[in-house]
Amino acid sequence: MATADDIFDEFLDERGHETESQSWEQDYNKKRCPDCEGLHGPEASSCTVCGWRP
Ligand SMILES: [Zn+2]
């Protein structure tokens with residue numbers, strides 16, 4: 001019988017898979033956000049346009 005904690009763990013696992021499947025797209029020496037296609041420098045850790053992060 002699944003407890004609330006088990007369900008929460010599964011929820012986190014699924015979210016982990018989702019974020020894992022998405023990453024920056026490379027465009028020459030730039031990073032491109034897969035969400036809004038905004039271009040960022042190679043040091044960017046999150047999208048400043050839409051707030052997306054890998
Ligand atoms: Zn973006």
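**Close-up 1. Strand 2 and strand 3, joined by 2 bridges.** Strand 2, residues 30–32, runs antiparallel to strand 3. Across this pairing, Arg-32 sits opposite Leu-39 of strand 3. Strands here are DSSP runs of E with at least two residues, helices are runs of H or I with at least four, and both are numbered from the N terminus; two strands pair if DSSP finds at least two bridges between them. This is a predicted model, in which local features need pLDDT of at least 70 and side-chain atom pairs count only at pLDDT 80 or more, while totals for chains, interfaces and linings use all residues. Residues are numbered from 1 along each chain as its sequence is written, and side-chain values use heavy atoms, with hydrogens and water left out.

Close-up 2. As a reminder, strands of a sheet pair through backbone hydrogen bonds.

**Close-up 3. Tyr-28 in the loop between strand 1 and strand 2.** Here is a residue other than glycine with a positive phi, near 55°. For context, most residues other than glycine have a negative phi. Tyr-28 counts as exposed because its relative accessibility is 80%, where exposed means over 50% relative accessible area, buried under 20% and partly exposed in between (1.4 Å probe, protein chains only).

**Close-up 4. Glu-37 in the loop between strand 2 and strand 3.** Glu-37, not a glycine either, has a positive phi of about 65°. With a relative accessible area of 57%, Glu-37 is exposed. Glu-25 lies 12 residues away from Glu-37 in sequence, and their C-alpha atoms are 8.6 Å apart.

**Close-up 5. A negative surface patch.** Its members are Asp-5, Asp-6, Asp-9 and Glu-10. Asp-5 belongs to helix 1, residues 4–21, and is exposed at 59% relative accessible area. Patch residues have over 30% relative accessible area and no salt bridge, with like charges joined within 9 Å; a salt bridge is a side-chain nitrogen of Lys or Arg within 4 Å of a carboxyl oxygen of Asp or Glu.

Conventions: Patch = residues over 30% accessible without salt bridge, like charges linked within 9 Å, V, L, I, M, F, W, Y side chains within 5 Å. Areas by Shrake-Rupley, 256 points an atom, 1.4 Å probe, with all protein chains shown as cover. Lys, Arg positive; Asp, Glu negative; His and termini not counted. Charge placed at Lys NZ, Arg CZ, Asp CG, Glu CD.
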